[in-house]
Amino acid sequence: MAHPLWHGNWAERLRISSGLVLFTYALFHFLNLGIALLSPEWMNVFQHNLQTIVRSSLGSAILYGSLLIHAALAFQMIATRRNLRLPRITLFQIALGIFIPFQLAGHLIFTRYAHTFHGVQDDYGYFLLLIWGSSTIWWQSLLLLVVWVHGCIGLHFWLRLTETWQRLMPWLIGIAVFVPISALAGLLAEGRRMNELAYGDGYLREMQEDYNWPSPQTIQSLVEIYDYARFLIFMLLVLSLSYYGINKMLRSRRSVKITYADGPQVTAERGMTLLEISQANDVPHTALCGGKGRCTTCRVVLEQGASAIPPPSAAEARTLAAIKAPPNVRLACQVRPDTPLTAHRVFRPDRDKPRAHASQGEERQLAILFLDIRGFTKRSAGMLPYDVVFLLNRFFDAIVPEILAQGGTVDKYMGDGLLALFETRDAKSSASAALGAIQKISVALARFNTILQAEGEPPVKIGMGLHLGHVVLGEIGSAHKAPRTIIGDTVNIASRLEAKTKELDVEALISAEVFFAAGIAEISGELEQFRLRGVEAPVAALQLSLAADLRKHLLETSQI
């Protein structure tokens, strides 16, 4: 299974991969310019080392191959889009992307091309001396900013939902501001130094000889090549837009009319889902799972035209059956209208109550841990309230650091227990972290009980239930006051496993799904089937009298 960050089709993955290559090169290129503020010699050494890499056969193939792929995919995206209704930030990024090749072509022709075919030593000094005092210096400075902003927007769109990116955002913003400012300052400082050295100190002829300065005829030929390149880029853009326009016109001839009850009437092309039609025409339409058919929040009542719609797929039929939907109710993300349709949106977004992205819900495959103190109600019956709070806080201080150390978080405290989840990069790492935490908790509890016994207090016994599966994380509650919550059968099973430990008088029950996700095999003989209240199918789990013995047990039975 592909990593979540590498979602999408092959074109999307190529776009991300090529963009990362170009962004990495731009980053080092701009840092190289910034080094001029410290030392021109350091700048030249850095550039030489960078050119050694990118001008090798492999480096050139990767860099320029990524440039061509990224540009080709950009033109392909424009040509094949169904519509140009995009968020403003996306349109802004596309506009920046269109500007880049027109200016970048000149940069490449007067540097790499001139170096390869005319023997020009295209150090920074050569290029700055070439463009200093003309409008080109301003266009190249603007190109630097545009490339950086375009790349930062793309990187942010790709990583913005990851926990690490959100946590590092304040630092990354500082870096994003520092890099172009230092590069522009370095460009200015080095340009002024080279200009003063050439014209102020009279070393222009010697510098031109060192750089193997192109002759007027060569410069003229480079200018002509640049003009041809800009014309070619312009024609590619025109062809892309023309292809888009022709396709849109042809699709409009195969259009279908959609009428929303208590809403607008729109004309859309055939082949789109009803949810896509809503989104393309700015019609508010709730879809918490993002149109993947994993929820029913996009469902519609088909008031007219339902008979012409193909019957639901098996997956959609199961989803609709779960909510006992009547025959004229369908999921908008699954319906592709071919004939006029009148639809009533069951759930409509309330635009007066904006919510954060997290409130829309996010599906993850995570390990969930429930933990509870055994017999705490009886134990606390004769204790003063402050003593109860004191004991609970000491207990949590002893065990919660073990959860956090493994990358887990405590979702909520429930009196004498807690619910923890392990939000890591994938199911395997989540399961491994949870197994490590459950073992460390048992060890920490033993230390805590030793302290209690030394104080003349009875030891604390706990029960833990650990399960892994699909959960939905989202903010549930009124707008602006919605705490983060996890929902799903996985949570219920983990809770029931924890409750079962009391009946079995064991410290932990760990479901088979946790071991399988962690890559631990050959434990089937040690698993038992448990019937859990409120859970339809039996759950296979491993029971442990002491969770501290987990690793030893696995080493003996599974030969890990």
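What follows is one answer on the salt bridges, with the chain as background.

Modeller: Please keep in mind that this is a predicted model. The count of salt bridges comes to 14, and I will go through some of them.

Take Glu12 and Arg15, which form a salt bridge whose closest N and O atoms are 2.6 Å apart. Both residues belong to helix 1 (residues 10-34), and because they are 3 residues apart there, about one helical turn separates them. Glu12 is partly exposed, at a relative accessible area of 23%. That value sits just inside the class, since buried means under 20%. Arg15 is also partly exposed, at 33%.

A second pair is Asp227 and Arg230, whose side chains meet in a salt bridge at 3.2 Å, N to O. These two lie in helix 9 (residues 216-253), again 3 residues apart, or about one turn of the helix. Asp227 has a relative accessible area of 37% and is partly exposed. Arg230 counts as partly exposed too, with 35% relative accessibility.

The side chains of Arg425 and Asp426 make another salt bridge, at 3.9 Å from N to O. That distance still qualifies because the cut-off is within 4 Å. Arg425 counts as exposed, at 58% relative accessibility, whereas Asp426, at 30%, counts as partly exposed.

Now the chain as background. The chain holds 17 helices and 13 strands. Its radius of gyration is 32 Å, well over the 24 Å that the globule rule gives for 560 residues, so the chain is more spread out than a compact globule. The C-alpha trace spans about 95 × 70 × 45 Å along its principal axes. Of the 560 residues, 40% count as buried. Among contacts with a separation of 6 or more, 72% come from residues 24 or more positions apart.

Definitions and conventions: Residues are numbered from 1 along each chain as its sequence is written. This is a predicted model: local features need pLDDT of at least 70, side-chain atom pairs count only at pLDDT 80 or more; totals for chains, interfaces and linings use all residues. Side-chain values use heavy atoms; hydrogens and water are left out. Helices (H or I, at least four residues) and strands (E, at least two) are DSSP runs, numbered from the N terminus. Buried means under 20% relative accessible area, exposed over 50%, partly exposed in between (1.4 Å probe, protein chains only). The radius of gyration is taken over C-alpha atoms; the globule rule is 2.2 Å times the number of residues to the power 0.38. Contact means heavy atoms within 4.5 Å.
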